[in-house]
Amino acid sequence: MKTIAVIGAGTMGNGIAHTFAQHGFTVKLIDISEKSIDKGMNTIAANLDRMIKKGSITEQDKIKTITNIICYTDLEDGAVGADFVIEAATENTELKLNLFKKLNHICSHNIILATNTSSISITQIASVVSHPERVIGMHFMNPVPIMPLVEVIRGYSTSDEVIKIVMELAHKLGKSPVKVHDYPGFVANRILMPMLNEAIETLHHNVAGVIEIDSVMKLGMGHPMGPLQLADFIGLDVCLAILNVLYEGFKNPKYAPCPLLVNMVRAGKLGVKSGEGFYDYTKNKKAEVISNQFLKN
């Protein structure tokens, strides 16, 4: 494999594109929005600059990485000729199904179609594709260039050969792939999201404030980042979407999203991406007031 098509230039998509390009692959980065493409490429450049400052790469490495990425706003133009396709669009089932229906017609039947979904069924996505044995989950962690884990998710029809190829591909990226089966939330989010939701419930019931909850988990449990800060980093809308998938998939009330989380997403307080969540990122300082105003409602 030499040419990788990455669909979606958002947080996960640009991180995946960055990682493949840095490891010598030609990357075709696809997004319907020119603005999203520009934002994604600016993020990649900024992340590479941080790596230069840390001494982990050189300026020449940055230039090679950027040069390896070609941008497209048309799905067919970008996907045609790719040796491997990975979708990293918004965590929305209908959107992903529509994309894979299109990829089924664009790509030849021997091309592996991967999805970076964090919770949606690989089997369901594969159901709209001929030769569903070539569809697989390749769930990177954020930030992609840094985090070593890749969940490799086997759908009902995913072949052993495809599993082997994707595991080897992850190793070529310097990642540590872990094979899991296709159930709601897989492993990472099935365990993580209920914890984040419980932290939000703890805040919602006024047991403690944002700083206090995060401090307990960092100082007492050894977490590098508190659960509320982590939820902000992931995106509160993404957390809500994953919890909804878990709740719908298991029909278990323990996965029901906290009303505070629902209200914050409705209000557009999505975390880092919107500038406000449980913390205020607009002035580069932490603040509890944002979430506390929801507690009064």
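In the predicted model described here, strand E1 (residues 3-7) and strand E2 (residues 26-30) pair in the parallel sense through five bridges, where two strands are said to pair if DSSP finds at least two bridges between them. Helices (H or I, at least four residues) and strands (E, at least two) are DSSP runs, numbered from the N terminus. Within this pairing, Ile4 stands opposite Val27 in E2. Between E1 and E2 the chain passes through helix H1 (residues 11-22), and this β-α-β crossover is right-handed, a term used when, with the strands pointing away from the viewer, the path from the first strand over the helix to the second runs clockwise. E1 also runs parallel to strand E4 (residues 84-87), to which it is joined by four bridges, and here Ile4 stands opposite Phe84.

The model is a predicted one, in which local features need pLDDT of at least 70 and side-chain atom pairs count only at pLDDT 80 or more, whereas totals for chains, interfaces and linings use all residues. Residues are numbered from 1 along each chain as its sequence is written, and side-chain values use heavy atoms, with hydrogens and water left out.

Strand E1 is largely enclosed by the rest of the structure, because five of its five residues are buried; buried means under 20% relative accessible area, exposed over 50%, and partly exposed in between (1.4 Å probe, protein chains only). Thr3, Ala5 and Ile7 point one way from the strand, while Ile4 and Val6 point the other way, and all of them are buried.

The structure holds seven salt bridges, each defined as a side-chain nitrogen of Lys or Arg within 4 Å of a carboxyl oxygen of Asp or Glu. In general, side chains of opposite charge can pair when their charged atoms come close. One of these salt bridges is formed by Lys62 and Asp49, whose closest N and O atoms are 2.8 Å apart. This pair links distant parts of the chain, since Lys62 belongs to helix H3 (residues 59-67) and Asp49 to helix H2 (residues 34-54), 13 residues apart. Lys62 counts as buried at 15% relative accessibility, whereas Asp49, at 31%, counts as partly exposed. Another salt bridge joins Asp160 to Arg154, with 2.9 Å between the closest N and O atoms; Asp160 is exposed, with a relative accessible area of 56%, and Arg154 is partly exposed at 24% relative accessibility.

Lys96 is placed in helix H5 (residues 93-106) and has a relative accessible area of 1%. Leaving aside neighbours within four places in sequence, Lys96 is in contact (heavy atoms within 4.5 Å) with residues including Glu87, Glu91, Thr115 and Ile125.

An unreviewed UniProt entry lists several residues under "binding site", among them Gly10, Glu91, Lys96 and Asn142; UniProt positions are given in the numbering used here, feature names are shortened, and annotations may be inferred rather than shown by experiment. Gly10 lies in the loop between E1 and H1 and is partly exposed, with a relative accessible area of 36%. Apart from neighbours within four places in sequence, Gly10 is in contact with Gly15 and Asp31.

Most residues other than glycine have a negative phi, and most peptide bonds are trans. The peptide bond from Asn142 to Pro143, however, is cis, with omega near 0°, and Pro143 is found in the loop between strand E6 (135-140) and strand E7 (149-154). His131, which is not a glycine, has a positive phi of about 55° and lies in the loop between helix H6 (122-126) and E6. Phe186 also has a positive phi, near 55°, and is placed in the loop between strand E8 (176-181) and helix H8 (188-204). His131 counts as partly exposed at 36% relative accessibility, whereas Phe186 counts as buried at 4%.
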